[in-house]
Amino acid sequence: MKKLKIIITAVVTVIFTALTPWLQMFANENFIISSDDPRYKYLINDDGTISIAASQYEENGVSGDVVLPDTLDDMTVTGILKYGFFGTEITSVTIPDTITSIGSLAFGNCLTLSDVTLHDNITYMGDLAFSNTVFETNMLENTDTGFAVIDDYILYLYTGNDTEVEVPDGIRLIANSAFANNGVFSQAQISSVTINDDVEYIGDYAFDNCESLTEITIGTGLKSVGTDAIDSNVTIRGYCGTYAEEFAAVNGNTFIPIVKKEDEFIYECDYDENFKQYYFSTDTEFSREGIHVYKRFYDGSREEITDWEFSSTPSELYAASAS
């Protein structure tokens, strides 16, 4: 697999190198060169904020260790444009907390980029924003969970081989094309995906060309789904009155309520870091520490139950397993 990855990276490098003159020409159209710092150019957004890119006109351009500005020409910087810093000689970049959007290939082909610092308010990340960088290579090589994640909350790419996928807790943003073609290095066809309450944003084409995907379960936190992210043939399971139901109705997906009636509920259980994972034959009872039990209702709301008890003991389980 590592050999295949090297071959793919080499091919991508050649393609990016060939495209660079075209990208530079494309990137210079209709931009304003900043009077505060001519290393940057920008477009003005509808809300009066700006999205920035590296200026191709400045001889001493953006390179080395870079701290991106939070304002230029008295306007707040909220986005990094598609191809914005493509191919620049950046070694590290610090992204200010005003920026919420990072465009596709924004730092693509920045061959020396190894370190990225950003805040926890990114709500949009385009396709392969860090493609062909040291930062991306390290991220892909060091993931053993099946998920390449940035700052614990951005799902950059799915790298696993499961057919039934559960998005990890804490993920709030699924980047553009994160699961496209069943994920990078995929050897399996994804059939179902479970998205927990933490996920708020699903990017464009997130599940594009996942031909075996038939069902997605979506929690209560979802706020938006990008362009062509979920095919209309995919069944969506979710809670009534949430964005998942609204999206299904607009997109033409079959919607199945997780809780069938308003006066019903289901039990759920989750665990924190205090959960005791192992018990021994000398243990006479289970520890409740770190275990949380909830009632989940029709609209996705839930309440914790504190008066629950185990129905058996460790010794009873050991006796049953030995018989």
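**Note on a predicted protein chain**

1. Thr88 is buried, with a relative accessible area of 13%; here buried means under 20% relative accessible area, exposed means over 50%, and partly exposed lies in between, using a 1.4 Å probe and protein chains only. The place of this residue, Thr88, is in the loop between β6 (75-80) and β7 (89-94), where helices (H or I, at least four residues) and strands (E, at least two) are DSSP runs numbered from the N terminus. Not counting residues up to four places away in sequence, Thr88 touches Ala54, Val62 and Cys110; a contact requires heavy atoms within 4.5 Å.

2. The model is predicted, and local features need pLDDT of at least 70, while side-chain atom pairs count only at pLDDT 80 or more and totals for chains, interfaces and linings use all residues. Residues are numbered from 1 along each chain as its sequence is written, and side-chain values use heavy atoms, with hydrogens and water left out.

3. The overall figures are as follows. The protein chain has 4 helices and 23 strands, and its C-alpha atoms fill a box of roughly 75 × 45 × 35 Å along the principal axes. Of its 323 residues, 44% count as buried. Among contacts with a separation of 6 or more, 43% come from residues 24 or more positions apart. The chain exposes about 17,100 Å², of which carbon and sulfur atoms supply 48%; accessible areas come from the Shrake-Rupley method with a 1.4 Å probe, and for residues only the protein chains shown count as cover.

4. Strand β11 (residues 147-150) contains Ile150, which is buried at a relative accessible area of 3%. Leaving aside neighbours within four places in sequence, Ile150 is in contact with Leu118, Met125, Phe130, Phe135, Met139 and Tyr156. Between Ile150 and Pro168 there are 13 Å in space, C-alpha to C-alpha, for a sequence separation of 18 residues.

5. Strand β11 runs antiparallel to strand β12 (residues 154-158), and 4 bridges join them; two strands pair if DSSP finds at least two bridges between them. Phe147 stands opposite Tyr158 in β12. The hairpin of β11 and β12 has 3 residues between the strands, and Asp151 takes a positive phi near 55° in this hairpin.

6. Phi of Tyr205, a residue other than glycine, is near 55°, and Tyr205 is partly exposed at 33% relative accessible area. Asn209 lies in the loop between β16 and β17 as well. Its phi is positive at about 60°, although Asn209 is not a glycine, and its relative accessibility of 40% makes Asn209 partly exposed.

7. An open sheet is formed by 3 strands in the order β21-β22-β23, with antiparallel pairing. Its edge strands, β21 (265-271) and β23 (302-305), each pair on one side only. Neighbouring strands of this sheet are turned by 30° against each other on average, direction ignored; axes are lines fitted to C-alpha atoms, for helices over the stretch in contact, and angles run from 0 to 180 degrees between N-to-C directions. Strand β22 (residues 291-297) is joined to β23 by 4 bridges, and Val293 stands opposite Ile305 in β23.

8. The structure holds 7 salt bridges, each being a side-chain nitrogen of Lys or Arg within 4 Å of a carboxyl oxygen of Asp or Glu. In one of these, the closest N and O atoms of Arg296 and Asp197 are 2.8 Å apart. This pair links distant parts of the chain, with Arg296 in strand β22 and Asp197 in the loop between β15 (192-195) and β16, 99 residues apart. Arg296 is buried at 5% relative accessibility, whereas Asp197 is partly exposed at 25%. Both belong to a network of salt bridges that also links Glu268, Asp270 and Arg302.

9. Two further salt bridges can be described. Asp37 and Arg39 form one, with the closest N and O atoms 3.0 Å apart; Asp37 is buried at 19% relative accessibility and Arg39 is partly exposed at 27%. The side chains of Lys276 and Asp283 meet in another, at 3.6 Å from N to O; Lys276 is partly exposed at 31% and Asp283 is buried at 17%.

10. Tyr318 lies in helix α4 (residues 314-322) and is partly exposed at 34% relative accessible area.
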